[in-house]
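User: Please show me how to read a protein model, one feature at a time.

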Amino acid sequence: MKLERILQNQGFGSRRQCRQLVELGEVRINGEVVDDPGAEIPTAGLVYEIEGEAWTYREKTYLALYKPAGFECSHEPKHHRGVYSLLPHPLVVRNVQSVGRLDVDTTGLLLFSDDGAFIHNLSSPKKHVPKIYRAELAEDGTDALVERLLAGVSLIDEPQPVKALTARLLAPRTLEMSIDLGKYHVVKRMIAAAGNHVDKLHRHGFGGLALGEGVLAGLAEGEWVYLEAADLQQLHPAA
Ligand code: URA
């Protein structure tokens, strides 16, 4: 593929801007400046440097972010900073989108991609990909709370009772539960309907990926990592 085209589809700007970057000698491949925007470059396994920063060519891109509190999951945030401000600009230009959303005060694992089919698959309740949440409760949790969540609670606007796939108390005021749907404020609403209140909410895991484990070990709040093919496989542990 032509170098200017590669840079454009990897998010480095318009065709004209990418051509300029190349002509200014800002692009290196294998340590050598390539200043011909029309140079034909094989994309398989391509690593290139732009202004000294190394990038790997990715046809589609997949990311995991440890979302801090106080960030909106929106490209046009209204009252807080947006999660997209935590990602490198070229990835935003590539139009990565979050897989579902977390509330502004919710922390934890948020996935992004520019692969529409991937986002659709993970967002669809039919695919039953569990999302694991840890909620700090306002009052001590009880066995009855856990049982109600597992049995299903009624939510306004939901025709059927909504059930947790799993629910257990990790501490008197820490409840871990998983769900395979992604509705507005669903965890907070479920716990309220079951008779308690969420003080803080954290998403610990998505499918077989969990913060603090594997590729996400050591990821601090506000940091992100690329997800590679093997990591993506873990999203569907049963598959
Ligand atoms: N459920 C909620 O209530 N909030 C979130 O951020 C995610 C799930």
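**Pockets, ligand, sheet and cavity**

Analyst: Start with the lining of the largest pocket: by class, 13 of its residues are nonpolar, 6 polar and 9 charged. Ala, Val, Leu, Ile, Met, Phe, Trp, Tyr, Cys and Pro count as nonpolar, Asp, Glu, Lys and Arg as charged, and the others, Gly among them, as polar. The model is predicted, with local features needing pLDDT of at least 70 and side-chain atom pairs pLDDT 80 or more, while totals for chains, interfaces and linings use all residues. Residues are numbered from 1 along each chain as its sequence is written, and side-chain values use heavy atoms, without hydrogens and water.

User: What volume does the largest pocket have, and which residues lie nearest its centre?

Analyst: A pocket is an open set of points on a 1 Å grid over the protein atoms alone, with protein on both sides within 12 Å along at least five of seven lines; a cavity is a set where a 1.4 Å probe fits but cannot get out, and lining residues have an atom within 4 Å of a point. Points are joined across faces, edges and corners, and a volume is the space filled by probe spheres set on them. Here the largest pocket has about 600 Å³. Its lining holds 28 residues, with G100, R101, L102, D103 and Y184 nearest the centre. Two or more lining residues come from each of α4 (116–123), β10 (131–137), α6 (186–193) and β13 (198–206). Helices (H or I, at least four residues) and strands (E, at least two) are DSSP runs, numbered from the N terminus.

User: Which residues line the second largest pocket?

Analyst: They are A69, D105, T107, R134, E136, T174, K200, L201 and H202. Both β10 and β13 give two or more residues to this lining, and β13 gives the most, with 3. The second largest pocket has a volume of about 160 Å³, and its lining divides into 2 nonpolar, 3 polar and 4 charged residues.

User: Which residues are around the ligand?

Analyst: A residue is near a molecule if one of its heavy atoms lies within 4 Å of it. Around this ligand are L102, D103, T106, Y133, H185, V186, V187, K188 and L201. A polar contact is a pair of N or O atoms within 3.5 Å. A backbone N or O atom of H185 lies 3.1 Å from an oxygen atom of the ligand, and one of V186 lies 3.4 Å from an oxygen atom of the ligand. For V187, a backbone N or O atom is 3.1 Å from a nitrogen atom of the ligand.

User: What is the strand order in the open sheet?

Analyst: Two strands pair if DSSP finds at least two bridges between them. This open sheet of 4 strands runs β2-β1-β3-β4, with antiparallel pairing. β2 (32–33) and β4 (53–56) are at the edges with a single partner strand each, so one side of each has no neighbour in the sheet. Strand β3 (residues 47–50) is joined to β4 by 4 bridges, and V47 is opposite T56 in β4.

User: How many cavities of 30 Å³ or more does the structure hold?

Analyst: It holds 1. The largest cavity has a volume of about 40 Å³ and is lined by Q10, F12, Y48, W55, T56, R58, L91, R94 and Y226. By class, that lining has 5 nonpolar, 2 polar and 2 charged residues.

Key: A polar contact is a pair of N or O atoms within 3.5 Å; within protein, one must be able to donate a hydrogen and the other to accept it, and residues adjacent in sequence count only if both atoms are side-chain atoms.
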